[in-house]
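The entries follow in the order in which I worked.

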Amino acid sequence: MKLKALPFLLIATMVAALMVGCGGDGYEFDRKLSKVHTDRTYIKDAEGRYLHLRGTNLSGSTKTPCWADENGEYINCTYIQEDGSIVLPTGNDPVTHVGNPFPPEKVDEWMKKLADEGFNSLRLLFIWEAVFPNSRDKIDTAFLDYFENLIATADKYGIYVLINAHENMWSRHLYSLYNEDAKGEKGDVMNMLWSLLPDYDKLRAGRQQCWDECAALLSGKDAENCEDADKECEKLGPACSDSYETCKLVEEACLEEGDDCKAAQDACDEARAACAKADDTCSTKKKGCREACEAVNGTLPDICNTYYRDAYTDRVAGDGAPLWATKACLPEKNFDSPYFGLFKLWGTMALDKDLPDGSDFYFIVKAVIAYLRGQNAKADGGEEVDGDSDAEDSEGSGELVPDATLNEVEKFLMELKPYLPDEGYHINDTSNLLPFTMWGLNNAFSLDVQRCYASFFAGDDVYPDLLVDKDGNGRYRAEMTEAEIAEATPIEEYLQSYYTKAWVEVAKRAAKYDNVLGYDIINEPVAILFLLTAVAAYFDLGGPDQVEKIVKDLLPDDKIGNETIGEKAYNVITALDLLPHDNSDESRSLWGLKGYNLGGLLGANTSFGLKYLQPLYERVGSAIQEIDPDAVIWIEPNMDWQYLLTDPSTAEAMAMQELMNKPKGINQVVFSPHWYPDIYPMIGFNMPPRIFHRDEYDYRDYTPMLTKKANAARDQYGKAPTVFGEFGTYWNYRYRECGTEYAADVECNPEDPGYMQSRAFNYEISAEILDNYYEAFEGMFMSNMVWCYTADNDPKYGDMWNHEDFSLVDENGEPRGEMAWMRPYAKALSGKPVSIYFNSDYHYYDPSKGHYDPETGVSDDWREFKVVFESKETDAPTVVWVPEVQYPEGFHVWLSDGWATWDAERNELYFYPTKDDPDWQHWVMIRPPLPGKASEGWNYFIKDDKVVNGG
C-alpha cells in the first residue's frame with residue numbers, strides 16, 4: 001500500500017549515549033570540488049570516488065531572453081504585463097541573456113538555495129544567441145561575465161556544473177502566434193481554429209488607433225477615409241453573418257416544392273450583395289487610408305504594423321540560434337513582416353478580395369459542404385450513397401458528416417471574413433509553424449525548422465548551392481558572380497563554424513573551474529526531414545500536373561459553373577500555398593528549395609547520427625579540448641525517426657541504420673539521453689493540461705524504458721558513463737476526481753485551470769511520477785538531472801516557454817512535490833557502487849514483505865535509505881546528503897564498518913569505511929524514529945547539529 005503521511009515522535013530517552021558536536025570540535029570538512037574524469041562506466045573525482053549526480057536543469061526560462069536597453073544592457077526578465085498577458089521579445093528587440101536563469105544580484109541567493117535543497121550538480125543552459133546575440137562579429141562579453149559568475153558561485157556552494165548549448169525548433173525567431181482565450185471549449189477543433197485568429201477586441205482597438213494616427217496626419221478626403229475605415233469594417237461582420245443566416249434558409253425552403261424556394265433564393269442573393277458591398281467599402285477605405293498615410297509620412301505609424309500581431313496573446317517558439325544565423329538558412333523570409341508568426345492560411349485567403357462565395361477558398365469549401373449535405377439527405381432517405389447499399393435509415397446515422405457540424409463550419413467561415421488581415425501576405429511573410437502544444441511536432445511538420453537543421457547538420461549534401469556571402473546573406477550559387485562565390489562560405493560551414501566559436505568562448509570561461517563536469521554539445525539534435533524530402537521530391541519527381549490529376553480523380557466530377565469540384569479544389573491547394581504552383585525557379589526559391597540536392601536529402605534521412613551528428617561532436621569537442629584538455633564531452637542521441645521509434649540497442653534497429661559511435665579524437669565521453677513518458681499535453685494546439693486519476697501513476701515502473709535508452713552507451717560508445725540529462729513532469733495537471741465524491745475533502749472546481757487543481761491536490765500526480773523516476777534511477781544506480789528549476793516560474797505560463805510547467809519550484813520559489821525529489825542519496829562513494837534505494841512517502845509498502853503493520857499504519861522501512869558499495873578504493877569519505885524535510889525528528893544511522901561524522905551546515909554525512917577484506921560490502925542505512933518501535937544496533941542518532949553516538 002501507499003503510505004501518504006506518518007506522525008513523527010522522538011525516542012523518549014537515549015540511555016548512556018555520548019553527545020558529541022559535529023564540525024565544531026576541530027573537525028574540518030573538505031568541501032572543495034575536484035576535477036572529474038571518466039573511468040569505464042563511471043564518473044570519478046580527483047580522489048578516485050565514484051560520483052552519483054543528483055542534479056537539475058537550470059532553467060526553462062533560459063530559452064527566452066531578457067529585455068535590454070538600446071546598448072544591450074540588462075533591464076529585466078519580466079514578461080507578464082499588467083493585464084496578465086505575456087509579451088516576449090521578437091525580431092530586432094534589444095535583448096540579452098544576462099539575467100537567465102537569475103537576476104545578477106540574486107545569483108548567490110539562488111545557488112545557496114539549490115545546494116540546501118540537495119543538488120550536487122546542475123545542467124546549466126546557454127543558447128547560441130546568448131554569445132552572439134545581434135551579430136556574428138560581436139561577442140556579448142557581459143553575458144560571458146555573468147555566465148562565468150554562475151559557474152564560480154555554484155563552485156562556492158559545492159555544486160558541479162554541466163554546460164549545455166540548448167536549442168529546440170532551431171530558434172526563437174521561428175514562432176507561431178495564437179489566441180489562448182479563443183471562444184469554445186479548449187482543445188475542441190473549433191476552439192483550435194479560433195485560436196489561430198487574433199483577439200477581436202484587441203484587433204479592433206489596434207486598428208482604430210492606426211486609423212486615428214493616420215487621420216491626424218491627413219486632411220480632407222484622405223482623413224475621412226481613415227476616420228470611416230474602422231466603422232465601415234465593423235459593418236462587414238454583421239452583413240456577412242446575416243448573409244449566412246439568410247442563405248441557410250434556401251436549403252430548407254428548396255427541400256420542399258413551392259414558390260418559397262424562389263423567394264428564399266432572392267433573399268439570399270440580396271444578403272450576399274450586402275455582404276459584398278460592405279466588403280468592398282471596407283477594403284477601399286482601408287487601402288486609401290494606408291496609402292495616403294504612408295505617402296505623407298514616409299511610413300506607416302508603428303501601430304499600423306504591429307496591431308495585428310499584438311492582438312494575439314501567446315506563441316509557440318523555438319530557441320537557440322540567433323536571428324542572423326536563421327536568416328542565412330532561410331534567405332527568402334521577410335522576418336520584418338507585420339504578419340510574421342501568423343498562420344499563412346489567413347494571408348492567402350485575404351489576398352482574394354472576392355465575396356466568400358466567389359473566392360476559390362470559400363467557393364470550394366461551401367461546394368463541398370453542399371455536396372455532403374446532399375449525401376446526408378440521400379442517406380436519411382435510405383438511398384444509396386455512392387453505391388453503398390448499406391446506407392443507414394432515416395434516423396440520419398448514415399451521415400458522412402453531421403449537418404450540425406457542416407452548419408458550424410459554414411458559419412465559422414462566414415464569421416472569419418472580418419478577421420482577415422488588412423492586406424494579404426504570402427508564405428515568406430510568416431514562419432511555417434503551427435502552435436502545437438506538443439511543440440516537438442513542429443520538428444516533423446515545419447519546413448522552416450527542417451530546412452535550418454538540414455543546413456546546419458548536412459548543408460554540404462542537402463544544400464550544396466546555398467552559400468553565405470561576405471556580408472552574411474544566404475544566397476544561391478546561380479545568382480552570384482564568380483568573385484562573390486570565391487568570398488562566400490557554404491551554409492554548413494558557416495553555421496557550424498560560428499556555433500563552434502560560441503562554444504570556444506564559453507569554454508575559455510569554464511576551463512578555469514574544477515566544478516565543471518563537462519560540455520553537453522547540443523540539446524536533443526533533431527533530424528526529422530520527411531516533409532522537406534517530400535516537398536523536394538515534388539519539385540524533382542512530381543509537379544503540378546501529377547498533383548492536379550490526383551486531386552481531380554479523388555473528388556466528385558460534379559460541375560459548379562464551368563469547373564468540377566476537383567478543379568476547384570486544385571485551385572484552392574495552390575492558392576493557399578499548400579503546394580507550390582509550379583516547378584519554376586521562382587517557386588523553388590519561394591519555398592527555400594532552390595539550391596537543394598534531392599539525393600543528399602534522401603541520404604540525410606538515414607544514418608544521421610553517424611554521417612552528420614558524430615562529425616559535429618568531433619569538431620566542437622576537439623575545439624573545446626584545445627581550451628580545456630581535461631574536458632569531458634557529453635553527447636546526446638540523434639532524435640531522428642529511427643531513434644524515436646525503435647530501441648537502438650536491438651538488432652532490428654542496427655540493421656536499419658549505421659549507428660553513431662564514440663566520437664573520434666574525443667578523450668572522455670559521457671552519454672546523456674533524455675526521456676519523458678506519456679506526460680506531455682495532447683497533440684493539438686491551445687490544448688488544456690492533461691487530466692489523470694490520482695492513482696494512475698502509483699505503481700508504474702519506468703525501469704524498462706529507461707534501460708532501453710541507456711543501452712546505447714553499452715552498444716555504441718564503448719561502455720561510456722550514462723547520465724540522464726533530462727526527465728521530469730508537469731505541475732499543472734487536471735484531476736478527474738476534482739469536484740466529485742471521490743475528492744469530497746478537497747476544495748476543487750473542475751473549471752479551474754490545471755495549476756489550481758494540482759495545487760488543491762498538493763501536486764499528488766506529479767509527485768508520484770517523479771517518485772517513480774527516482775526509484776527507477778536508484779534501482780539502476782543511474783545519475784540524473786531533472787527538468788527543470790525555473791526561478792521566474794509563473795502560475796499561468798509555467799516556465800515562460802510554450803506553457804511548459806516543469807519547474808520544481810513555483811512562482812514564489814517554494815518547492816513543489818519535494819517529498820518525491822528531495823531525497824537522501826550518496827553524492828560520492830569510496831568504492832564501486834552496488835545498490836541504492838530510498839522508500840519515500842510515495843513508495844509502495846507491500847504488506848507481504850512483513851514490514852507493514854496494518855493496525856498501526858506503520859512500516860518499519862518507511863523512509864529507509866540504504867547505499868551499498870564494494871571495496872575501498874580511496875581514503876576519501878563517502879558523502880551522503882540527508883534532507884531535513886524527510887527526517888524532521890532526526891534519523892538513526894547504521895554502518896557496515898568504520899565511522900562517520902556530520903556536516904550540519906550542508907546536511908552531509910561523511911562515512912569513512914575501514915574494513916577492506918576481499919568481497920566485503922560497505923553500506924550506510926538511515927531510518928527515522930518510529931512511534932511504538934524500538935530501533936536497535938544503530939551507530940548514530942542525528943538531529944539538527946547534534947550527534948548521539950550509539951556505540
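**Sheet around β13**

I began at L467, whose bridge partner in β14 is R475. The model I am reading is a predicted one. Strand β13 covers residues 466-468 and pairs with β14 in the antiparallel sense, over 3 bridges. I then traced the whole sheet and found it open, with 3 strands in the order β14-β13-β15 and antiparallel pairing. Its edge strands are β14 (474-476) and β15 (489-490), each of which pairs on one side only.

**Sheet around β6**

I moved to a second sheet. It is open too, built from 3 strands in the order β7-β6-β8, and its pairing is antiparallel. β7 and β8 stand at the edges with a single partner strand each, so one side of each has no neighbour in the sheet. I looked up the β6 to β7 pairing and noted 2 bridges between these antiparallel strands. Within this region A68 stands opposite Y74 in β7.

**Disulfide C66-C77**

How many disulfides does the model have under the distance rule? The count comes to 7 disulfides. I looked up one of them, C66 with C77, where the sulfur atoms are 1.7 Å apart. The torsion about its S-S bond is about 75°, so I logged the disulfide as right-handed. C66 lies in strand β6 (residues 66-68) and C77 in the loop between β7 (74-76) and β8 (95-96), so the pair ties together parts 11 residues apart in sequence.

**Hairpin β35-β36**

Next I went to strand β35 (residues 940-943) and strand β36 (residues 946-949), which pair in the antiparallel sense over 4 bridges. F941 has V948 as its bridge partner in β36. The two strands form a hairpin with 2 residues between them, and D944 in the turn has a positive phi of about 55°.

**Helix α3 against α16**

I took the helix pairs next, starting with α3 (residues 141-156) and α16 (residues 491-510). Their axes come within 9 Å and cross at roughly 45°. α3 passes α16 in a right-handed crossing. On the α3 side the contact is made by T141, L144, D145, F147, E148 and I151, and on the α16 side by E505, V506, R509 and A510. Sorted by class, the contact of α3 with α16 has 5 nonpolar, 1 polar and 4 charged residues.

**Helix α16 against α22**

Which way do α16 and α22 lie, roughly parallel or roughly antiparallel? α16 packs with helix α22 (residues 608-627) at an angle of about 30°, the axes being 9 Å apart. Angles under 35 degrees count as roughly parallel, and α16 and α22 are therefore roughly parallel to each other. I noted this crossing as right-handed. In α16 the residues are E493, Q496, S497, Y499, T500, W503, V504, A507 and K508; they meet L616, R619, V620, A623, I624 and I627 in α22. The class tally for α16 with α22 is 9 nonpolar, 3 polar and 3 charged residues.

**Helix α1 against α3**

I returned to α3 for its contact with helix α1 (residues 107-116); the axes of α1 and α3 come within 9 Å and cross at roughly 40°. That makes α1 oblique to α3. The crossing of α1 and α3 is right-handed. V107, D108 and M111 of α1 make the contact with Y146, N149, L150, T153, A154 and K156 of α3. The classes for α1 with α3 are 5 nonpolar, 2 polar and 2 charged residues.

Most residues other than glycine have a negative phi, and most peptide bonds are trans. The peptide bond from L58 to S59 is cis, with omega near -5°. I placed S59 in the loop between β5 (54-58) and β6. Another cis peptide bond joins W787 and C788, with omega about 0°. C788 is in the loop between β24 (783-786) and α28 (818-821). M800 is also found in the loop between β24 and α28. Its phi is near 70°, a positive value in a residue other than glycine.

Key
Residues numbered from 1 in each chain as written. Predicted model: local features only at pLDDT ≥ 70, side-chain atom pairs only at ≥ 80, totals over all residues. Heavy atoms only, no water. Pairing = 2+ DSSP bridges. Axes fitted to C-alpha atoms, helices over the stretch in contact; angles between N-to-C directions. Left-handed = near helix turned anticlockwise from the far one by under 90°. Contact = heavy atoms within 4.5 Å. Nonpolar A, V, L, I, M, F, W, Y, C, P; charged D, E, K, R; others polar. Disulfide = S-S within 2.5 Å. Parallel < 35°, antiparallel > 145°, perpendicular 65-115°, else oblique.
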